[in-house]
Every structure is written in structure tokens, then in C-alpha cells.
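Good morning, and thank you for coming.

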Amino acid sequence: MKNLMQFSVNRELALQAIARIVPVLDRASSIPDLRFILIDAQPDGRVRFAGRRPEVEAQESVACNIIQPGRAILDGNLLCKIFEHLTG
């Protein structure tokens, strides 16, 4: 089994970063990549969120505790909803 990306981050800071990227995404696009946010957790202690559409790109990073580095993409609206419902 592969190691899965794992990090711990302040919920409010992550939600603020994600909320700044979601408006950049092209929700009406038939190209899935334009609706997704890249989550990039690297050993430097920051998780980066990035989204784009053809004419603009947005990136935000938040300090966090990286347990297992990795990268993933997730629908931007879904990611925002997940962080809105997290507790703790």
C-alpha cells in the first residue's frame, strides 16, 4: 500500500486560502482540471493550494505540520465544503 499524503493544518487558515482560490476556478468548464484545486504538501512545512483557468492562476500556502508529503487534486467546491465541516 502506498503512503497517503497527511498533514495537520489550522482549519481557518486553510479555509481562507481555499476560499481565495475557488473564485478563480472555472466551474462551468467541461475540462475537469479547471474545476480542481491542487493540494501540495511538501516537507518544507507548508501546504500549497493552487487553482487555475486559462487566463488566471491562484496559489496560496499555509504553514502546517507535514506528516506524509504528497500531492492530490480535488474539486474546489468539495474541498471548501470539507474544510467548512471539519471540527477540532
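**Charged pairs, a pocket and a surface patch**

Arg 20 has a relative accessible area of 46%, so this residue counts as partly exposed. Please keep in mind throughout that the model is a predicted one.

Which residue does Arg 20 form a salt bridge with? The partner is Glu 60, and the closest N and O atoms of the two are 3.1 Å apart. Arg 20 belongs to helix α1, residues 11-21, while Glu 60 belongs to strand β4, so this pair ties together parts that lie 40 residues apart in sequence. Glu 60 is partly exposed as well, because its relative accessible area of 23% falls between the limits of 20% and 50%. As a general point, side chains of opposite charge can pair when their charged atoms come close.

Arg 11 is partly exposed at 22% relative accessibility, and Glu 12 is partly exposed at 42%. In another, Arg 48 pairs with Asp 44, and here the closest N and O atoms are 2.6 Å apart. Arg 48 has a relative accessible area of 29%, which means that it counts as partly exposed. Asp 44, at 47%, also counts as partly exposed.

Let us return to strand β4, which runs over residues 56-68. Is Ala 58, a residue of this strand, buried or exposed? Its relative accessibility is 14%, and buried means under 20%, so Ala 58 counts as buried. Between Ala 58 and Ser 30 there are 20 Å in space, C-alpha to C-alpha, and the two are 28 residues apart in sequence. Ile 66 is also placed in strand β4. With a relative accessible area of 16%, Ile 66 is under the 20% limit and therefore buried.

From Ile 66 to Leu 86 the separation is 20 residues in sequence, and 18 Å in space from C-alpha to C-alpha. Where is Leu 86 found? Leu 86 is in the segment that follows α2, the helix of residues 76-85. Whereas Ile 66 is buried, Leu 86 is partly exposed, with a relative accessible area of 39%. Together with Leu 78 and Ile 82, Leu 86 forms a nonpolar patch on the surface. The accessible area of these three residues together is about 230 Å².

Sorted by class, the lining of the largest pocket has five nonpolar residues, one polar residue and three charged residues.

To close, I would ask you to find two places in the model: the pair of Arg 20 and Glu 60, which links helix α1 to strand β4, and the nonpolar surface patch of Leu 78, Ile 82 and Leu 86. Thank you for your attention.

Methods
Residues are numbered from 1 along each chain as its sequence is written. This is a predicted model: local features need pLDDT of at least 70, side-chain atom pairs count only at pLDDT 80 or more; totals for chains, interfaces and linings use all residues. Side-chain values use heavy atoms; hydrogens and water are left out. Patches are made of residues with over 30% relative accessible area and no salt bridge: like charges are joined within 9 Å, nonpolar side chains (Val, Leu, Ile, Met, Phe, Trp, Tyr) within 5 Å. Accessible areas come from the Shrake-Rupley method with a 1.4 Å probe; for residues, only the protein chains shown count as cover. A salt bridge is a side-chain nitrogen of Lys or Arg within 4 Å of a carboxyl oxygen of Asp or Glu. Helices (H or I, at least four residues) and strands (E, at least two) are DSSP runs, numbered from the N terminus. Buried means under 20% relative accessible area, exposed over 50%, partly exposed in between (1.4 Å probe, protein chains only). Ala, Val, Leu, Ile, Met, Phe, Trp, Tyr, Cys and Pro count as nonpolar, Asp, Glu, Lys and Arg as charged, and the others, Gly among them, as polar.
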